[in-house]
Amino acid sequence: MELPLYLIPLFPLAGFLLNGLLIGRLHKRIISLIACGSVGLSFIYGVKFFVDLISLPEQSRVIENIVFTWIPSGHFHVNIAFLLDPLSAVMVLVVAGVSFIIHIYSIGYMHDDKGYGRYFAYLNLFVFSMLILVLADNYLLMFVGWEGVGLCSYLLIGFWFEKKSAADAGKKAFIFNRVGDFGFLLGLFIIFWQIGSLDFIAVFEKAPTMFVAGGGLITAATLLLFVGATGKSAQIPLYVWLPDAMEGPTPVSALIHAATMVTAGVYMIARSNVLYMMAPVSLAVVAIVGIATALLAATIALAQNDIKRVLAYSTISQLGYMFVACGVAAFAAGIFHLMTHAFFKALLFLGSGSVIHALAGQQDMRYMGGLKRAMPITFPTFLIATLAIAGIPGLSGFFSKDEILWKSFSSDYGSIWLWAIALLTACLTAFYMFRLVFLTFYGEGRMDVRTREHMHESPKVMTIPLTILAILAVIGGYVGIPHVLGGDNRFEKFLEPVMHGRYHPSGEEAHALASSGYGASTEMLLMAVSVVLIIIFIYLAYHFYLKNTAAAGKLRDRFSGVHKIIYGKYFVDELYGALIVRPIVNGSLFLWKIFDVLIIDGLINGMATVIGDISTGLRPAQSGVLRTYATIFLVGVVVVIGYLLVK
Amino acid sequence: MVPIPHFLILSALLFATGTAGVIISRNLIIMFMSIELMLNAGNLAIIAFSRMNNVVDGHVFVFLILTVAAAEAAVGLAIIIMIFRNKESINADKFSLLKR
């Protein structure tokens, strides 16, 4: 039987409606059954369609499903339609799979929260929006999902809205995303203006004839789309909302702000690869912004004390990595890293959630330590994720990260500088991640006595998701073993039809360029260099944070100025505050206190006051004494008669 | 026959007396009667002119005025009585409620 594609996002929508409409009336068990069940069904259907897809011949792996016409308006014609090709299939599996695991985890994590039903309703709405985003077959429907995930992100960051910092963080995330969305929309306008359609297939088929390759319009359109991506995926200059987004519940941070939503920008650029390939300037901008963000966020992560903030900056840094991959036209490598990152970063967040849970809400790593024995499942899974993100050979992160490093060096759009900075970032990543592990799990416990007694491993409903993600974080990379290590990079080959072949006219050529020039020995050498350096940096973290903790303090004192800047996150928030927020606040204050109160209100009230004053002045004339009236009357008559006589 | 100017002079004197009465007096009844006086001074002038021109229009007119004046006197006196009942006074200066 042919099943329609729209079933995939339909289930979470149904779950959202059920949980949302019956909020506060259902038992917790039923709420979680609806929420997890709907996402689980989505995942099962995702797998089914994935199997359908790979059973098709390689060059025609597309499943389309037009549900109905959404906007028929003259030339502007948009369908509610879904498109499953290798790229969206990967995304659907990652999104639905990781969401399902995190839904299960949330049952344990949110168990005592009074907003239980609301939480799962939002979470289902998020999964629905995200699936719309990745399954859409045109830019406008993608934008609907794009906005939907932004809304859910706002709702879930501000989930504990009684807390002012959480409510503020939600607003901050929303506003920064709006700035990006504005760029995204403008980009869509240019595309529609030139091509007359927003359907992916039509756009990618017509783009080479409608746009001048490397011309101003295509560059502007792709750069504007990238502005949207910087907002959603937290890149310079719009990244500052993501660390604050950690105010939300930890599973939300894992799902939305690590694994899925923030990768939407990478997905969008990979999806638009045909357009980006036509605009080398935009590619360069993407690569430079990506690498700058990766390095900047990695350095900030070195000095943060809040466990979730370290992970947040790490996410920003890894997203920067994915953009580097997109920027050197290695879109498949970007998506590959997106997938492995979704596994190990979700695992890191869920592990940190488990730690925070055990320590009764403590998030400051200065008050952790020695949790290794107390948490026999959280610790090893967390360690696996850390090894994966650091890029230790054999784990998923190694394959995807090394793919990006290699492409940033060897690609036609790459350079040795890009590679060097990316490698430095990888080393820093290893350093701060192991700093986190050593501070949290090793050494002496630095928590107070009451917390120490309370310390416990999380319930099964939380540890089983951790275990599943740990397995994925290990094996996730084996779908994309590079040729040089004896694999055949099946992941890249799987994405091949979307990336170059089908839509791109000179696909063969571009592909040949992307992997030209350097031999296998160079690749092996670079790989060895990065692995050695990463291990050295892990040792350094061990040295500073476990073996010789005084040295870390000494180092900090010696470079206290640098430490202050990094600890203060380069004062970017303050800079934005001074450059944007304060002028707006001052301008608004001027308009309110001066323009509105003085000028507008003054005008209205002034008129009323003048009339009132004149009336008060005239009031004594009405004395109420009859004789006065009679006298005035007489005088009036005399004057009139006198006037008539004289005239 | 009395010459016309005499009537007119008498009429003017009566009118002036009435005006002075309205302006000077505080007693509502006196004010009211002074107004009647002014009215009748006017009537006298009309009749005088009518006679001067040898027509009867003025006489007819004066009859009408007298009729209306009678009705007006009835209403006016009734108002004064009501005011007195309510305020126990007919001093015009005390009735200035519309003033602030």
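Predicted model: local features only at pLDDT ≥ 70, side-chain atom pairs only at ≥ 80, totals over all residues.
The bond between Ile236(A) and Pro237(A) is a cis peptide, with omega about 5°. Most peptide bonds are trans.

Helix α8 of chain A covers residues 216-232 and includes Ala220(A). Ala220(A) has 16 other C-beta atoms within 10 Å, so it is partly exposed; a buried residue would need 20 or more. Ala279(A) is 59 residues from Ala220(A) in sequence, and the C-alpha atoms of the two are 8.9 Å apart.

Most residues other than glycine have a negative phi. Tyr570(A) has a positive phi of about 60° and is not a glycine. The loop that holds Tyr570(A) runs between α25 (560-567) and α26 (572-618) of chain A. Tyr570(A) is partly exposed, because 13 other C-beta atoms lie within 10 Å.

In chain B, Asn54(B) also is not a glycine and has a positive phi of about 60°. Asn54(B) sits in the loop between α2 (28-52) and α3 (57-87) of chain B. Is Asn54(B) buried or exposed? Asn54(B) has 6 other C-beta atoms within 10 Å and is therefore exposed; the limit for that class is 12 or fewer.

## Chain A overall

Chain A has 27 helices and two strands. Along the principal axes, the C-alpha atoms of chain A fill a box of roughly 125 × 70 × 55 Å. Chain A has 647 residues, of which 50% count as buried. When contacts in chain A between residues at least 6 apart in sequence are taken, 79% join residues at least 24 apart.

## The hairpin

Strands β1 (residues 63-73) and β2 (residues 76-84) of chain A run antiparallel and are joined by nine bridges. One of the pairs is Ser73(A) with Phe76(A), its bridge partner in β2(A). The two strands make a hairpin that has two residues between them. In the turn, Gly74(A) has a positive phi of about 60°.

## Phe43(A) in helix α2

Helix α2 of chain A spans residues 28-54 and contains Phe43(A). Phe43(A) counts as buried because it has 22 C-beta neighbours inside 10 Å. Leaving aside residues up to four places away in sequence, Phe43(A) touches Ala96(A), Gly97(A) and Phe100(A). Leu93(A), 50 residues from Phe43(A) in sequence, lies 6.6 Å from it, C-alpha to C-alpha.

## Helix α16

Helix α16 of chain A (residues 378-390) has 13 residues. From its first C-alpha to its last, α16(A) reaches 18 Å, close to the 18 Å expected at 1.5 Å a residue. Just after α16(A), Gly391(A) has a positive phi of about 95°.

Why is α16(A) described as largely enclosed by the rest of the structure? Of its 13 residues, 11 are buried, so the rest of the structure largely encloses α16(A). Among these buried residues are Phe379(A), Phe382(A), Ile384(A), Leu387(A) and Ile389(A); Thr378(A), Thr381(A) and Thr386(A) are buried as well. The buried residues pack against five helices of chain A: α15 (331-358), α17 (396-410), α18 (416-441), α20 (460-475) and α23 (520-547).

## Nonpolar cores

In soluble globular proteins, nonpolar side chains tend to be buried together. The largest nonpolar core of this model has 208 residues. Those with the most contacts inside this core are Leu131(A), Leu135(A), Val324(A), Ala346(A), Leu347(A), Ala422(A) and Ala473(A). Apart from this core lies another, of five residues, including Val22(B), Leu28(B), Met31(B) and Phe32(B).

Which residues does Leu135(A) touch, not counting residues up to four places away in sequence? Its contacts are Leu5(A), Ile8(A), Pro9(A), Phe82(A), Leu83(A), Leu84(A), Ser88(A) and Val92(A).

## Contact between the chains and confidence

Chain A gives 10 residues to the contact and chain B gives nine. On the side of chain A that touches chain B, four residues are nonpolar, four are polar and two are charged.

The model scores ipTM 0.82 and pTM 0.81. Chain B averages a pLDDT of 89, and 97% of the residues score at least 70.

Key: Residues numbered from 1 in each chain as written. Chains lettered and ligands numbered in written order. Core = buried A, V, L, I, M, F, W, Y, C linked by C-beta atoms within 7 Å. Contact = placed C-beta atoms within 7 Å. Nonpolar A, V, L, I, M, F, W, Y, C, P; charged D, E, K, R; others polar. Helix = DSSP H or I, 4+ residues; strand = E, 2+ residues; numbered from the N terminus. pLDDT = per-residue confidence, 0-100. Expected span 1.5 Å × (residues − 1). Pairing = 2+ DSSP bridges.
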